[in-house]
Amino acid sequence: MVHNPLPETDLTRHRRLREQGSLDRGELDAILDAGFVCHLGVVVEGRPVVVPTVYGRDEESLYVHGSVASRSLAAGAPVCVTVTHVDGLVLARSVFEHGVNYRSAMIHGVPRKVTDPEEKTEGLRRLTEHATPGQWDYARRPSRRELAATTLLALSLEEASVKIRTGAPGDGDGPDAALGLWAGTLPLTTVWGAPEPDPLLPPELVPPAHIARREGTRHG
Ligand SMILES: Cc1cc2nc3c(=O)[nH]c(=O)nc-3n(C[C@H](O)[C@H](O)[C@H](O)COP(=O)(O)OP(=O)(O)OC[C@H]3O[C@@H](n4cnc5c(N)ncnc54)[C@H](O)[C@@H]3O)c2cc1C
């Protein structure tokens with residue numbers, strides 16, 4: 001893992017629960033690579049909207065895509081993107097100390113619309129490969145008409161932050177320890193299931209290796 005610090009800015013400076021915060025580029029990359037759905041927060045016609053959407057990335061940028069008709073994919077205005085992995089519940093003696101073990105990333109910036117056809121195709125390749133490695137070479141690639149119907153935004157990874165919580169509840173050595181209540185963590189994992197064929201598939205078509213081998217592996 002590369003441990004380059006991300007620049008601390010007014011936006012990325014952690015103010016609350018600072019001990020869980022980090023500006024480590026390697027940790028950012030690890031969180032982005034462990035998921036493929038982000039939440040894109042953007043102001044549309046004066047109102048905030050938060051849109052769940054898939055993403056991909058390269059060293060410099062996070063890519064999100066969608067229909068050219070999507071109002072949340074207007075470039076040129078500030079956005080905030082988060083990626084969250086929930087690793088478990090933190091069950092303390094007191095309700096006040098309850099929490100979540102997690103890894104999360106927040107990226108601030110003004111996205112750029114990718115218009116160069118080569119760059120757009122490469123961004124869409126990264127997005128496809130991020131969720132399903134091997135699928136870009138397997139599936140039919142976008143036609144010119146499909147490319148024209150798709151907006152691709154690139155958001156710089158320059159202004160980003162990370163927050164991670166691990167471990168036990170924080171009230172084990174406080175007065176509530178005397179309550180005699182069970183406390184601890186309840187880990188949460190997400191595991192890929194068996195591929196389910198489209199009922200319209202001819203029976204001789206089996207899932208390709210890059211899909212079949214994910215069964216039983218952990219996501220996140
Ligand atoms: C699954 C999950 C559940 C959570 N539940 C709660 C809850 O119930 N109550 C609660 O108070 N907090 C919760 N948090 C933490 C929450 O995300 C915020 O970090 C925290 O509330 C501080 O918010 P703030 O606006 O005061 O942050 P500030 O410290 O003012 O934020 C300043 C900057 O720090 C960075 N930052 C802040 N939070 C995060 C983050 N989560 N990930 C990456 N960068 C971040 C951003 O760049 C942000 O602009 C949860 C986090 C996760 C991932």
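Residues are numbered from 1 along each chain as its sequence is written. Because the model is predicted, local features need pLDDT of at least 70 and side-chain atom pairs count only at pLDDT 80 or more, while totals for chains, interfaces and linings use all residues.

**View 1. The whole protein, to get you oriented.** The protein has five helices and 12 strands; these are DSSP runs, with helices being H or I of at least four residues and strands E of at least two, numbered from the N terminus. Its C-alpha atoms fill a box of roughly 65 × 50 × 35 Å along the principal axes. Of its 220 residues, 21% count as buried, meaning that 20 or more other C-beta atoms, placed from the backbone, lie within 10 Å of a residue's own.

**View 2. The shell around the ligand.** Here 17 residues surround the ligand, and the closest are Arg 15, Ser 104, Met 106, Ser 161 and Lys 163; a residue is near the ligand if its C-beta atom, placed from the backbone, lies within 6 Å of it. Strands S5 (79-91), S6 (99-109) and S9 (160-165) each supply at least two residues of this shell, and S6 gives the most, with five. By type, the shell divides into eight nonpolar, five polar and four charged residues. Ala, Val, Leu, Ile, Met, Phe, Trp, Tyr, Cys and Pro count as nonpolar, Asp, Glu, Lys and Arg as charged, and the others, Gly among them, as polar.

**View 3. The largest nonpolar core.** Of the 27 residues in this core, Leu 28, Leu 62, Tyr 63, Ala 105, Ile 107 and Leu 153 touch the most other members. Such a core is a set of buried Ala, Val, Leu, Ile, Met, Phe, Trp, Tyr and Cys residues joined through C-beta atoms within 7 Å. Strand S8 (150-156) gives the most to the core, with four residues.

**View 4. Helix H1 and its buried face.** In H1, Arg 25, Glu 27, Leu 28, Ile 31 and Leu 32 are buried. Seen down the helix axis, the buried residues fall within an arc of 160°, so they line one face of H1; the arc is that of the directions from the axis to the C-beta atoms.

**View 5. Where the two domains meet.** An automatic or database assignment divides the protein into domain 1 (18-188) and domain 2 (189-220). The contact (C-beta atoms, placed from the backbone, within 7 Å) takes nine residues from domain 1 and four residues from domain 2.

How values were computed: Contact = placed C-beta atoms within 7 Å. Buried ≥ 20, exposed ≤ 12 C-beta atoms within 10 Å, placed from the backbone.
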